[in-house]
Amino acid sequence: MSDATLHSATQDPDDFAVQIADQIESFIVAVTEVAKGDEPDSAVPFLLLEVSQLLLAGGRLGAHEDIVPDERYEPDLGPEPDVDDLRERFARILDPVDVYSEVFDPYEPRKAAVACRISDDLADVVTDLRHGLAHYRAGRTTEALWWWQFSYFSNWGSTASATLRALQSLVAHVRLDQPLQELDGLDTDEALAEEGLEEEAGRVMAEEIAAPLGLRTP
């Protein structure tokens, strides 16, 4: 979808809402293209770039004063678009490095790490962003900004941050020629302590995943 169809010609391109909407739509379009699998060799570096740019929009929303919607109750948007195909495509592209370990709240002491999937995270983030984009396209700009800000704090901000850490770690392991610990066979619904993660993790040499994921060492 072009900017011409997303925004009115009278809208100021420097307007905060326009800029946030542009960044969010750009992310959705980009990751949807990556999920098609046409260029699997560049998937991980491209995702690293796109998630990083999305979090800039998130940071701007987080630093902004609280946005209050115009209506007391959120208008019904109907059923959410299905993201299962997107999730499954990413799971295939990112195998065998889709699973990673994450601690959800760094301020909760002794919180055990859990196994997560990059493919799940990307699909969940896209779902949140599309929800707000539907409001924006319907002309409910304040509602869209409220939703993006609220869901940034409650879900997609932390999810995208965790995904970024996983992608950055993956790139760093390969570029620094360090072996990766593969969370092969971990149940993503099961919370495991660090000792459990170590016992489950296998050793995967960087060269085994560098070429198919476009992370060739220099």
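Reply: Among contacts in the protein between residues at least 6 apart in sequence, 72% join residues at least 24 apart; a contact here means heavy atoms within 4.5 Å. This is a predicted model, in which local features need pLDDT of at least 70 and side-chain atom pairs count only at pLDDT 80 or more, while totals for chains, interfaces and linings use all residues. Residues are numbered from 1 along each chain as its sequence is written, and side-chain values use heavy atoms, with hydrogens and water left out.

The protein has 8 helices and 4 strands (DSSP runs numbered from the N terminus: H or I of at least four residues for helices, E of at least two for strands). Along the sequence these elements are arranged as α-α-α-α-β-β-α-α-β-α-β-α. The chain contains 218 residues, of which 40% count as buried (buried is under 20% relative accessible area, exposed is over 50%, and partly exposed is in between, with a 1.4 Å probe and protein chains only).

As background, most peptide bonds are trans.

D98 has a relative accessible area of 4%, and therefore it is buried. If residues up to four places away in sequence are not counted, D98 touches A91, C116, R117, I118 and S119. Although R117 and D98 are 19 residues apart along the chain, their C-alpha atoms are separated by 5.2 Å. R117 counts as partly exposed because its relative accessible area is 29%, whereas D98 is buried.

For comparison, consider helix 6, which spans residues 141-175, and helix 3, which spans residues 43-63. The axes of these two helices come within 9 Å and cross at roughly 145° (axes are lines fitted to C-alpha atoms, for helices over the stretch in contact, with angles from 0 to 180 degrees between N-to-C directions). The residues of this contact comprise 17 nonpolar, 8 polar and no charged ones (Ala, Val, Leu, Ile, Met, Phe, Trp, Tyr, Cys and Pro are nonpolar, Asp, Glu, Lys and Arg are charged, and the others, Gly among them, are polar).

S151 lies in helix 6. Its relative accessibility is 1%, so S151 counts as buried. Setting aside its neighbours within four places in sequence, S151 is in contact with D128, W156 and G157.

Aromatic rings complete the account. The structure holds 6 aromatic pairs (rings of Phe, Tyr and Trp, the last by its six-membered ring, with centres within 6.5 Å; planes under 30 degrees apart are stacked, over 60 edge-to-face and the rest tilted). W146 and W147 form a tilted pair, with 6.2 Å from centre to centre and 55° between the planes. Ring pairs also link W146, W147 and F150 into a cluster.
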